[in-house]
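Please open the model in a viewer and keep the selection tool at hand. The tour moves from one selection to the next and says what is there.

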Amino acid sequence: MAVFNHTPSDPSTFILMGIPGLEAAHVWISIPFSMFYIIGLLGNFMVLFVVGKEQTLHKPMYLLLCMLAVSDIGMSTSTVPNTLCIFWFNFKSITVGGCLTQSFFLHTIYMMHSAVLVTMAFDRYIAICNPLRYATILTNARIAKLGLVGLIRAVLFILPMPLLLSRLPFCANRIISHTYCDHIAVAKTSCGDITVNRMYGLVIVFLFTGLDLTLIVLSYGLIIGAVLRISSKKAHQKALNTCTAHICVVLISYISVLFTTLTHRFGQGIAPHVHIILANLYVLLPPMLNPIIYGVKIKELRDKVGKYICRM
C-alpha cells in the first residue's frame, strides 16, 4: 500500500496511528467497520427520506427521529472515513486544524445527540401522562426550538475543548495512538500540563451526560407511575410498548459512551487496542442500531419503510 504520511516531526500535522499493536490486522478490522458504517448510513438516510416524503409522519415524534438520524450520521461520518483511510491507505497524517475541527464536531454532535434523547423522553412523558394536551404542548415548531437549544448548548460547552488543546505545547513527535482526534488522546501528546483538559472533559461527561441521563430516568419514573395507575393490562402494555424503542436507544448510547470514557481515563490496566476499539464502536454501533430499533418497534414507520422498499 502507498504511504502518504508526513514525518512525525512536521509541526503542522499529527500522526494518527490507528490501532497500535493490531497494524497487521487493520485491513481485516476495516471490514466490519465499513459494514457497520454503511448499514448506519442506509438506515438513517432511509428514516430521513421516508419521514420527509410522508405527510402523515410530519409529527413531533418523527421530527425527533430525524434529529437523531442526523446526529447519528454526523457522529459516524466525522470519524469513520478518516479511520478507513488509515486502515486501507496508511494515510495517517492530519493537520492540527483538521484534528481540532474533528474533535470539536465529534463532541458537539455527541452532546446534541444526548439532548435529542432527553427531548424524546419528554415527548414520551407528555404522550403517556398528558395525552389530551400532547398536540398543544409539543408542536413541530416547539420541537425545532428545543433542537436549536440543544445545538447551542453543545456548541457553547464544547467550543472550549479545541481552544484548550490549541494552547498546549506539543512534543516534536506528534503521534496520537488512536484512529481519530479524541480530545483526551490529542491532549496526551502534549509536553505540558493537561490537568485542565482532563478536568474539563470529565465535567462535560459527568455534568451534562449525568444531567441528561437523570432527566431521562426522571421522565421514565413519572411514566411508570402513570402506567401503574392505569387499571387495564392492555393499556399498560400499549403505554410501555411506546417507550421500548427509546429505552433501548438510551441504553446503547449511554452505556457505550460512559464505558468508553471511563476506561480511557481510568482503565490503565486495559490494553490500548481495547480502548481504541471501544471508542470506535461507540461511534459505529448506535448509528447502526438506532434506525433498526425504531424501524422494528414503531409500526407506522415500519409500514412506510416497507412500502418504499417494495416499490424499489
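Is Glu 54 buried or exposed? Glu 54 counts as buried, at 9% relative accessibility. Here buried means under 20% relative accessible area, exposed means over 50%, and partly exposed is in between, with a 1.4 Å probe and protein chains only.

Before going on, note that this is a predicted model, in which local features need pLDDT of at least 70, side-chain atom pairs count only at pLDDT 80 or more, and totals for chains, interfaces and linings use all residues. Residues are numbered from 1 along each chain as its sequence is written, and side-chain values use heavy atoms, with hydrogens and water left out.

**Stop 1: Glu 54 and its partners**

A salt bridge is a side-chain nitrogen of Lys or Arg within 4 Å of a carboxyl oxygen of Asp or Glu. Lys 307 is partly exposed, at 31% relative accessibility. Glu 54 lies in the loop between helix 1 and helix 2, while Lys 307 is in helix 12, so the pair ties together parts that are 253 residues apart in sequence. Helices (H or I, at least four residues) and strands (E, at least two) are DSSP runs, numbered from the N terminus.

**Stop 2: other salt bridges**

The count of salt bridges comes to six. Select Asp 303 and Lys 299, whose side chains meet in one of them (2.8 Å, N to O). These two residues are four apart in helix 12, and so are separated by about one helical turn. Asp 303 is partly exposed, with a relative accessible area of 39%, whereas Lys 299 is exposed, at 52%.

Next select Asp 212 and Arg 153. Their salt bridge has its closest N and O atoms 2.9 Å apart. Asp 212 belongs to helix 9 and Arg 153 to helix 6 (residues 140-158), so this pair ties together parts 59 residues apart in sequence. Both Asp 212 and Arg 153 are buried.

**Stop 3: rings**

A pair of aromatic rings is described by the distance of the centres and the angle of the planes. Rings of Phe, Tyr and Trp (its six-membered ring) pair if their centres lie within 6.5 Å; planes under 30 degrees apart count as stacked, over 60 as edge-to-face and the rest as tilted. How many aromatic pairs does the count come to? It comes to eight aromatic pairs.

Select Phe 49 and Tyr 308, an edge-to-face pair with 5.3 Å centre to centre and 75° between the planes. Phe 49 is partly exposed, with a relative accessible area of 37%; Tyr 308 is buried, at 8%.

Then select Phe 104 and Phe 105. Their ring centres are 5.4 Å apart and their planes are at 70°, so this pair is edge-to-face. Phe 104 is buried at 15% relative accessibility, and Phe 105 is partly exposed at 44%.

To see a charge over a ring, select Arg 174 and Phe 14. Arg 174 lies over the face of Phe 14, at 5.6 Å from the ring centre. The rule asks for NZ of Lys or CZ of Arg within 6 Å of the ring centre and within 35 degrees of the ring normal.

**Stop 4: cavities**A search of the whole structure finds three cavities of 30 Å³ or more. On a 1 Å grid over the protein atoms alone, a cavity is a set of points where a 1.4 Å probe fits but cannot get out, and lining residues have an atom within 4 Å of a point. Grid points are joined across faces, edges and corners, and a volume is the space filled by probe spheres set on the points.

The largest cavity has a volume of about 280 Å³. Select His 107, Asp 182, Val 205, Thr 261 and Tyr 282, the closest to its centre of the 21 residues that line it. Helix 10 gives the most to this lining, with five residues.

The second largest cavity holds about 50 Å³ of space. Its lining includes Asn 44, Leu 65, Asp 72 and Tyr 294. Helix 2 gives the most to the lining of this second largest cavity, with four residues.

Technical notes:
On a 1 Å grid over the protein atoms alone, a cavity is a set of points where a 1.4 Å probe fits but cannot get out, and a pocket is an open set with protein on both sides within 12 Å along at least five of seven lines; lining residues have an atom within 4 Å of a point.
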